[in-house]
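Here is a short briefing on one protein model.

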Amino acid sequence: MEIKEIKEKEVWDEFVSSFEMAQFLNSWSWGEFQENLGKKIWRFGVYRNEKLISALMLIKNNLPFKKNYLYSPRFPILTEAVPAEIFINKIKEIAKKENSIFWRVDLFNTQIFKDVPFKKIPDLQPSKTILLDLTKSEDEILEAMHPKTRYNIRLAEKGGVRVKIGQSNQEIEIFLKLLLQTAQRDKFKIYPLNYYRKLLQLNKNFVKLFLAEYQGKIMAGNLMIFFAETATYLHGASADEFKNVMAPFLLHWIVIKEAKRLCLKYYDFWGIDEKKWPGVTRFKKGFGGKIVEYPGTFDLILDKFWYQLYSLAKKFL
């Protein structure tokens, strides 16, 4: 068994896409996006008899004093059992060269890492989400929704709400303005706006912006990512005015139908939390689907002294 770097997009995406419940966070395009943000990326594959059986992405995140940490989103990705030491040894090797303090990872499961001294930290990626099964018929999906959600979809249709793909810079800026409003209203944090501008510059088959219009004005937007068998609702925004036309409900329904047209299997609502986002969670639950929960985010401390300083500094930020 050996681990080596993968530098071919086709090799990487073919393997990652074949993984059950593959997520965009491990796609080649997401790695490119991180590079566009100025981060260093490594993509490694574990091979057994020349057969690729696991993939590991590392993203270097810079910290003050020329320090950094390594991050792996949604891991492990494997088709056969691989000893944890294979990954840990490679991570320690990279960390030594790069002067990294710790390895941060969002785990799919903890099975192979049960003996690794991880420290549980607050979630970096949502650990609880709702997955809609797109292999069901449209009628079955509608039937499984909350009656109020079905009613609001039809209300928006009858009221003249229209959905389109946002492509112009002007449309993107309107969406970003709505995103700021929504974050303030629903009390959640967002990235700097240039983060979203760079994201929307990626391959249009990978990232799409869907917009809902009413009386010629953009009322809501869904920033969607399409990868492998899943359409992921990464970010959403809606206007404070004309709430009674229920544009966000129809917007999701149109995107769900588009994902079905593309023969995808899942629609991922990307994060629910009854305590932190009660309104948003209630809205997402109205579409039905299955609640899926992951173990969460963990740190493997590689430099105890600097990790203590990092943890202390975080308390005052």
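Strand β6 (residues 100-107) is mostly covered, with 8 of its 8 residues buried (under 20% relative accessible area; exposed is over 50%, partly exposed in between; 1.4 Å probe, protein chains only). The model is predicted: local features need pLDDT of at least 70, side-chain atom pairs count only at pLDDT 80 or more, and totals for chains, interfaces and linings use all residues. Residues are numbered from 1 along each chain as its sequence is written, and side-chain values use heavy atoms, leaving out hydrogens and water.

**Strand pairing** (at least two DSSP bridges between two strands)
- Strand β4 (residues 67-75) runs parallel to β6, joined by 5 bridges. N68 has S100 in β6 as its bridge partner.
- Strand β15 (residues 296-301) runs antiparallel to β6, with 6 bridges. W103 has L300 in β15 as its bridge partner.

**Salt bridges** (a side-chain nitrogen of Lys or Arg within 4 Å of a carboxyl oxygen of Asp or Glu)
- The count is 20 salt bridges.
- K40 meets E98 at 3.0 Å, N to O. K40 lies in strand β2 (residues 40-48) and E98 in helix α3 (residues 84-98), so the pair ties together parts 58 residues apart in sequence.
- K40 is partly exposed at 39%, while E98 is buried at 16%.
- K40, K60 and E98 are linked in a network of salt bridges.

- Helix α4 (residues 138-144) gives the largest share, 4 residues.
- E143 lies in helix α4 and is exposed at 59% relative accessible area.

Terms used:
Helix = DSSP H or I, 4+ residues; strand = E, 2+ residues; numbered from the N terminus.
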